[in-house]
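Have the sequence and the 3D view ready, and let us walk through this fold together, one piece at a time.

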Amino acid sequence: MQNETYSKPKILVVDDEETYLRTLRRILRKDFQVLTANSGYDGIEVLKQNKDVALIMSDQRMPVMTGSDFLGKTLTYSPDSIRFLITGYSDLDAVIDAINT
């Protein structure tokens with residue numbers, strides 16, 4: 001029987017709060033390879049280097065680029081990734097925008 005090599009799926013988490021990034025990395029690292037970025041622009045750079053990201057999680061409220069704007073831009077670099085928008089606010093317009101994008 002051959003020994004199969006298992007590679008953990010990659011997850012990209014984007015948030016401007018470092019504490020949140022560290023917490024998610026700790027929680028998810030057992031089952032996933034967790035990549036992090038502090039902004040939408042940094043997240044795009046991570047995707048340029050990692051074409052096989054299975055899931056992209058982004059906070060909605062970040063300076064410069066919102067999470068829904070970032071997730072829309074990720075389609076160019078990682079079209080097959082699942083996208084997940086996180087928000088601590090009940091901003092219905094942001095949710096509708098993210099879904100439509």
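We begin with the sheet, then follow the chain across it, and finish with a pair of helices.

Please keep in mind that you are looking at a predicted model. Start by finding the strands. Strands of a sheet pair through backbone hydrogen bonds, either parallel or antiparallel. Here, 4 strands form an open sheet in the order β2-β1-β3-β4, and the pairing is parallel. Which strands lie at the edges? They are β2 (33-37) and β4, each of which pairs on one side only. As you go from one strand to the next, the sheet twists by an average of 20°.

Now look at one pair of neighbours. Strand β1 (residues 10-14) runs parallel to β2, and 5 bridges join them. How does the chain get from β1 to β2? The path leads through helix α1 (residues 18-28), making a β-α-β crossover that is right-handed.

Next, turn to β3 and β4. Strand β3 (residues 53-59) and strand β4 (residues 82-86) also run parallel, with 5 bridges between them. Along this pair, Leu55 faces Ile82 across the strands, and Ile56 stands opposite Arg83. In a regular strand the side chains alternate between the two faces of the sheet. Together with helix α3 (residues 67-77), β3 and β4 build a right-handed β-α-β unit.

That brings us to the helices. Two packed helices are described by the angle between their axes and the distance between the axes. For helix α2 (residues 40-49) and α3, the angle is about 20° and the axes are 10 Å apart. Angles under 35 degrees count as roughly parallel, so α2 and α3 are roughly parallel to each other. Their crossing is right-handed. On the α2 side, the contact is made by Gly40, Gly43, Ile44, Leu47 and Lys48, while α3 brings Phe70, Lys73, Thr74 and Tyr77. What kinds of residues meet in this contact of α2 with α3? There are 4 nonpolar, 3 polar and 2 charged residues.

Note on methods:
Residues are numbered from 1 along each chain as its sequence is written. This is a predicted model: local features need pLDDT of at least 70, side-chain atom pairs count only at pLDDT 80 or more; totals for chains, interfaces and linings use all residues. Side-chain values use heavy atoms; hydrogens and water are left out. Two strands pair if DSSP finds at least two bridges between them. Helices (H or I, at least four residues) and strands (E, at least two) are DSSP runs, numbered from the N terminus. A crossover is right-handed if, with the strands pointing away from the viewer, the path from the first strand over the helix to the second runs clockwise. Axes are lines fitted to C-alpha atoms, for helices over the stretch in contact, and angles run from 0 to 180 degrees between N-to-C directions. Angles under 35 degrees count as roughly parallel, over 145 as roughly antiparallel, 65 to 115 as roughly perpendicular and the rest as oblique. A crossing is left-handed if the near helix is turned anticlockwise from the far one by less than a right angle, and right-handed if clockwise. Contact means heavy atoms within 4.5 Å. Ala, Val, Leu, Ile, Met, Phe, Trp, Tyr, Cys and Pro count as nonpolar, Asp, Glu, Lys and Arg as charged, and the others, Gly among them, as polar.
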